[in-house]
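This report describes a protein through its strands, helices and nonpolar cores. Please keep the sequence and the structure in view while reading.

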Amino acid sequence: MLGVIILAGGRGTRMGGADKASVTLGGERLIDRLLRQLPYGVPASVVSPYHLGMPQVCESPLFGGPVAGIAAGHAALNGGGLSTTAILAVDAPDSPQMLPVLERTLVRSGADVAVATLEGRIQPLCALWRTAALAHALSELGDPRNQPAMRLLRQARTVVHVQGDDSVRDIDTVDELHERRKARQTTRR
């Protein structure tokens, strides 16, 4: 069974301090866009210190970085009998579209984690872990605060890369948000 950790708790400094989960694209908040694209009934743990009007958790202390958020999300999902856990970032709201290929690759490869790559760069916040391997990696890493996601990924015994597509592309800056909105309007015409 699949569970999903959605990281939505950064400071959004490159976005002018905005809560990225509440930023809108096509009239829809990024968090809602991402959640809408998850498979029906999949348990999800939204990690954010911002009030989003939905069940959520946050790392303690706040703004402890991506691995602290992953650890908080994992703890919230723990005990659910999950065989796999996806890690997705709210600023890549279409990343759930990668879940089927990540799952097929993980199953075929027998690896601990399948992670998307985009333009030759590993995207550790678009990954599907075997839940036991994620738990092991978190325990091996120790204190998750202020740890980069790549350091967590290096704790996995075996990693398989999956070529990502535009669904993996994130929205980090105001300019990228404007470009995405503009592209969306162009395709609607």
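## A residue after a helix

Which residue just after α4 takes a positive phi? It is Gly-142, with a phi of about 85°.

## The model and its confidence

The model is predicted. Its average pLDDT is 90, and 93% of the residues score at least 70. Among the elements, strand β8 (residues 159-163) has the highest mean pLDDT, 98, while helix α6 (residues 174-188) has the lowest, 71. Where pLDDT is low, the predicted coordinates should not be read in detail.

Strand β5 spans residues 84-89, and six of its six residues are buried. This holds for both faces: Thr-84, Ala-86 and Leu-88 are buried on one side, and Thr-85, Ile-87 and Ala-89 are buried on the other.

Strand β5 pairs with strand β1 (residues 2-7) in the parallel sense, over six bridges. Within this pairing, Ala-86 of β5 is the bridge partner of Val-4. Strand β5 is also joined to strand β7 (residues 121-130), this time by five bridges and in the antiparallel sense. Here Thr-84 has Arg-130 of β7 as its bridge partner.

In soluble globular proteins, nonpolar side chains tend to be buried together. The largest nonpolar core of this model has 32 residues, and Val-4 and Ile-6 touch the most other members. Two or more residues of this core come from each of β1, α1 (30-36), β5, α3 (99-109), β6 (113-118), β7 and β8. There is also a second, separate core of 20 residues, which includes Leu-7, Leu-77, Val-113 and Val-115.

What does Val-4 contact, leaving aside its neighbours within four places in sequence? The contacts are Leu-38, Val-42, Pro-43, Ala-44, Ser-45, Leu-77, Ala-86 and Leu-88. One of these, Ala-86, is also the bridge partner of Val-4.

## The two sides of helix α4

Helix α4 covers residues 131-141, and its buried residues are Thr-131, Ala-133, Leu-134, Ala-137, Leu-138 and Leu-141. Why do they lie on the same side of α4? Because they cover an arc of only 160° around the axis. On the other side of the helix, Ala-132 and Ser-139 are exposed.

The buried residues of α4 are covered by elements that include β1, β5 and β7, along with the helices α2 (66-77) and α5 (149-153). Strand β5, itself mostly covered, is thus one of the elements covering these residues of α4.

Definitions and conventions. Residues numbered from 1 in each chain as written. Predicted model: local features only at pLDDT ≥ 70, side-chain atom pairs only at ≥ 80, totals over all residues. Heavy atoms only, no water. Buried < 20%, exposed > 50% of the residue type's maximum accessible area, 1.4 Å probe, protein only. Helix = DSSP H or I, 4+ residues; strand = E, 2+ residues; numbered from the N terminus. Pairing = 2+ DSSP bridges. pLDDT = per-residue confidence, 0-100. Core = buried A, V, L, I, M, F, W, Y, C linked by side-chain atoms within 4.5 Å. Contact = heavy atoms within 4.5 Å. Arc of directions from axis to C-beta.
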